[in-house]
Structures are given as C-alpha cells and as structure tokens.
Amino acid sequence: MKKDEARLFDRTKRHALELEEANTLLRESNESLEERVAERTAELQQALRDLAALQQQVTEHERIEKTKDELIALVSHELRTPMTSIHGSLDLVHSGLAGEVSRDAARLVEIAWRNSQHLVRLVSGILDAQKIAAGRMTFNTRDVDLLPLLQQAVESNRAYADGFGITFVLDGAAPEVRVTADPDRVLQVMTNLLGNAAKFSTAGSDVLVTMERQSPFVRVRVTDHGPGIPPPFRARIFQKFAQATPAGLPSRGGSGLGLSIAKAIVEGLGGRIGFSTASAGTTFHFDLPEARRASSHREVFEEAECRPSL
Ligand SMILES: Nc1ncnc2c1ncn2[C@@H]1O[C@H](COP(=O)(O)OP(=O)(O)O)[C@@H](O)[C@H]1O
Ligand SMILES: [Mg+2]
C-alpha cells in the first residue's frame, strides 16, 4: 500500500512539474508574442508616418509642377505674339517680298529667320502640350478635301525642307478623298511629320507624301530616306520631350514635343498614328475618318424618302 502511495505521489509530482514547465513555456511565448505585436505595431506606425510624409511631398511636388507649368504657359503665351510677328517680318524679307537686300544682309536674315521659326515652333509646341495635358485642346471638325490640305502642308513647309536640301513629293492620285477632321490640326500634324522627315533625312533625298483609302479611314503616309529611328528609342518616340539623334546626323535641336502632340491630335480626331522604320528610311502614317461623300448622303436620304410611312 505504501508502495502504491509512493508511486502515486511520484506521478503527481511529475505531472505538477510538467504542468509548471508548460505554464512557463506558455508565459514565455505569450511574452514574446506581445513583444512581436508591439514591434509590428511600431513598424506600422512608422510606415504610416512615412506614408503621410510622402503624401505631403507628392502634394508639394504637384504644387511646384503646377506652378512651373503655369509659368511656362504664361511665358510662352506672352512670347508667342511678338515671336510670330518677328518671324512674319523676317519671312517677308527672307522671301524677297520686302525688296532686295544685300547678299550679306540676306545671309544674316536667313539665320534670324531660321531661328525665329524654331522659337515659334517651340513656343507653340509648349502651349499645345499644355492644352493637351489640361484636356483643353479643341477640335473644329468638318468634312474637308484631303489633297488641298496636304498641298498646303507641303507648300508651307517647303522653305524649311529647302534648308536641309530635301524635296517634298506629293502623290496627288486621289483628289476626291474627303476626311472628317479639323484642317488646322491636320496641318499641325503634317508640319511636324514633314519637319521631322526633312531634318532627319539625308541631304539631297526626297520625302514622299501619299494617301490611301482604308475604309472607314484614310491613311496619310510621310516617307523619308533618312537613317531611321534608333531601335532603343522606338518605344519612347511618342512621349513628351523624347528626343534622339538618328545615326550619322548632327543634332537638330527641337523640343521632343512634336510627335506627342501629333499623337494627341490624331487620336482626338478619332484616328491613329504609327511608323515603320529601317536603316533606309522611315514612314510615319496617320489615319483619319473618311468623310461620307455628298452622294452617299443623298442616297441615304432618298432611301428614307422612299420608305412607306407607317
Ligand atoms: N522621320 C524620322 N526619322 C528618324 N527619326 C525621327 C523621325 N521623326 C522623328 N524622329 C525621332 O523622334 C524624336 C521626336 O520627334 P519630335 O517629337 O517631333 O521632336 P523633335 O522634332 O522636336 O525632336 C526626334 O528627336 C527623332 O529622334
Ligand atoms: Mg518634330
């Protein structure tokens, strides 16, 4: 009996020890759990503080960006009118319409004319980019004949191309094609594409302008024989301020805004812009919605007239 009691006592003691051990373990793990929770809470609070500071920085950055944009827009706006006037006057002298000037003066006027043209383009580009960013670019869309519009674009950029020894060739095979677009904006797109084709071409080469019906669009193509667009640059070409100097050509200045504006305009008109390029030349194209011709309107109208009334 004594033996049994002693065994029972032993077992109970062992159990009590085990229980105490388990209790200690539990307490320890509880304490470490509390410690970890406290640590994580502190980390979380720090992260929240960092986030708040970051948010403040972003707001501050946005405010500075906005002020900078407004300042640039204001300066550009103030510059545009006098710059356009200076360029217009130089244009008259340069073209000879203002009378004869000496050869030396003509050379100086040529330099001033080119630089003023560059400034006018730059200032207009900045203002357009600003309008696009603010969603304020407006379109005065109507049905227009495409060929005369392309002729006008070629004419008004011819002097610029002459400066690079480039000749524009316009394919006039489809005189009847009409598009639904804002003619001034189309001229703007063409001015940039023709300007790029001229300045990024090899002197003495042609730049070809064609149009093709691809119902329901009309595709305009501007093809040059320049060295092409460098491969690493192609993916960024339509981004604002993106610029690169094609292989073998000197740097041409510019703002890197032209193609981003052209893309926004073409897309605003319901079309698309793209390019294909190789070392033998580049073609930029854009699509514009083809206008329904007057005759097809009449057909639809007549059809409606013939329908029996209900
Ligand atoms: N026809 C072209 N051939 C080769 N590179 C071109 C051509 N058109 C555009 N690019 C490249 O795309 C860049 C961006 O063009 P753009 O946005 O019009 O700006 P910018 O004419 O002011 O440089 C140019 O700097 C040039 O590297
Ligand atoms: Mg350009």
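Domain bounds here come from an automatic or database domain assignment. Keep in mind that you're looking at a predicted model.

**Two domains**

For this protein, the assignment gives domain 1 (1-137) and domain 2 (142-305). Taken over C-alpha atoms, the centres of domain 1 and domain 2 sit 35 Å apart. Where they touch, domain 1 puts in 10 residues and domain 2 puts in 11 residues. On domain 1's side of that contact you'll find 5 nonpolar, 3 polar and 2 charged residues.

**The core**

Now for the largest nonpolar core, which has 38 residues. Leu150, Val189, Leu193 and Leu194 are the ones touching the most other members. Among the elements that give it two or more residues are helix H2 (103-133), helix H3 (146-162) and strand E7 (281-289). H4 gives the most to this core, with 7 residues. In general, nonpolar side chains tend to be buried together in soluble globular proteins.

What does Val189 contact, apart from its neighbours within four places in sequence? Val189 meets Ala262, Ile265, Val266 and Phe286.

**Around ligand 1**

Ligand 1 is surrounded by 19 residues, and Asn196, Phe200, Gly254, Gly258 and Leu259 are the closest. Helix H4 (183-199) and helix H5 (258-268) each supply at least two residues of this shell, and H4 gives the most, with 3 residues. By class, the shell around ligand 1 looks like this:

| Class | Residues in the shell around ligand 1 |
|---|---|
| Nonpolar | 9 residues |
| Polar | 9 residues |
| Charged | 1 residue |

Key: Residues are numbered from 1 along each chain as its sequence is written. Chains are lettered from A and ligands numbered from 1 in the order in which they are written. This is a predicted model: local features need pLDDT of at least 70, side-chain atom pairs count only at pLDDT 80 or more; totals for chains, interfaces and linings use all residues. A residue is near a molecule or strand if its C-beta atom, placed from the backbone, lies within 6 Å of it. Helices (H or I, at least four residues) and strands (E, at least two) are DSSP runs, numbered from the N terminus. Ala, Val, Leu, Ile, Met, Phe, Trp, Tyr, Cys and Pro count as nonpolar, Asp, Glu, Lys and Arg as charged, and the others, Gly among them, as polar. Two residues are in contact if their C-beta atoms, placed from the backbone, lie within 7 Å. A nonpolar core is a set of buried Ala, Val, Leu, Ile, Met, Phe, Trp, Tyr and Cys residues joined through C-beta atoms within 7 Å. A residue is buried if 20 or more other C-beta atoms lie within 10 Å of its own, exposed if 12 or fewer, and partly exposed in between; C-beta atoms are placed from the backbone.
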